[in-house]
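Hello,

Here is the structure we talked about. Please look it over, then read the notes below.

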Amino acid sequence: GQHACAIARNLGMKSIFIHRFSGILSAYGLGLADTVAELQEPCATNYSKDNLGTVMERLNKLTERASTDLRSQGFQGAQIHVEQYLNLRYEGTDTSIMTRLPDEKGEYGGDASKAFAAQYMREYGFIIQGRPVRVDDIRVRAIGTCTSVKSLHVPDAKGEPKPSTHADTYFHPGGRQRTPVYMLS
């Protein structure tokens with residue numbers, strides 16, 4: 001509602017309608033929004049079979065910390081979804097790409113270096129063959145999703161609304177105007 005008058009003025013509109021439960025609807029939307037816990041830490045190692053166990057162990061620790069954060073906010077197991085990322089780059093380059101750890105059953109068979117190469121090709125149009133891939137950072141994004149919504153009954157309006165009072169309100173341009181005030185019942 002705060003910006004509605006300025007927008008209406010720019011559009012040449014003479015009147016606006018604001019839902020009587022606009023504040024409640026805004027809070028309701030915030031209540032339905034996902035809650036996210038993100039953690040990231042530096043890794044600075046090569047992506048290789050020798051190092052993958054250590055990288056995965058660290059990712060799993062971050063995953064547990066982020067999930068614990070969401071559980072402390074009231075989310076339960078099925079409401080929490082976790083995404084794991086590796087910030088990868090070719091050794092000797094300075095451009096890294098945050099690469100989501102692929103699913104074992106997916107297109108890249110769980111190999112983040114293949115997913116990185118595909119993203120790199122999509123972004124730059126070439127890949128650097130035979131160059132080691134570096135893991136600059138590891139990152140976890142845990143998402144808590146609201147699964148239950150309680151219904152809110154809003155009764156139908158009965159006739160035209162009548163202002164409870166009027167207030168002297170300043171509008172730009174136009175100056176002070178007598179403005180109707182409607183109270184929620």
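A nonpolar core here is a set of buried Ala, Val, Leu, Ile, Met, Phe, Trp, Tyr and Cys residues joined through side-chain atoms within 4.5 Å. Buried means under 20% relative accessible area, exposed over 50%, and partly exposed in between (1.4 Å probe, protein chains only). Helices (H or I, at least four residues) and strands (E, at least two) are DSSP runs, numbered from the N terminus.

This is a predicted model, with local features needing pLDDT of at least 70, side-chain atom pairs counted only at pLDDT 80 or more, and totals for chains, interfaces and linings using all residues. Residues are numbered from 1 along each chain as its sequence is written, and side-chain values use heavy atoms, without hydrogens and water.

The core: the largest one has 25 residues. Leu59, Leu86, Leu88, Tyr90, Phe116, Val135 and Ile138 have the most contacts inside it. Two or more residues each come from strand E1 (35-46), helix H3 (49-72), E2, helix H4 (112-124) and strand E4 (133-144). Beyond its neighbours within four places in sequence, Leu88 has contacts (heavy atoms within 4.5 Å) that include Ile97, Thr99, Phe116 and Val135.

Six residues separate the two strands, and Gly92 in the turn has a positive phi of about 90 degrees. Tyr85 stands opposite Arg100. In E3 (residues 97-100), Ile97 and Thr99 are on the covered face, Met98 and Arg100 on the uncovered one.

Ala44 counts as exposed because its relative accessibility is 55%.

Best wishes

Technical notes: Two strands pair if DSSP finds at least two bridges between them.
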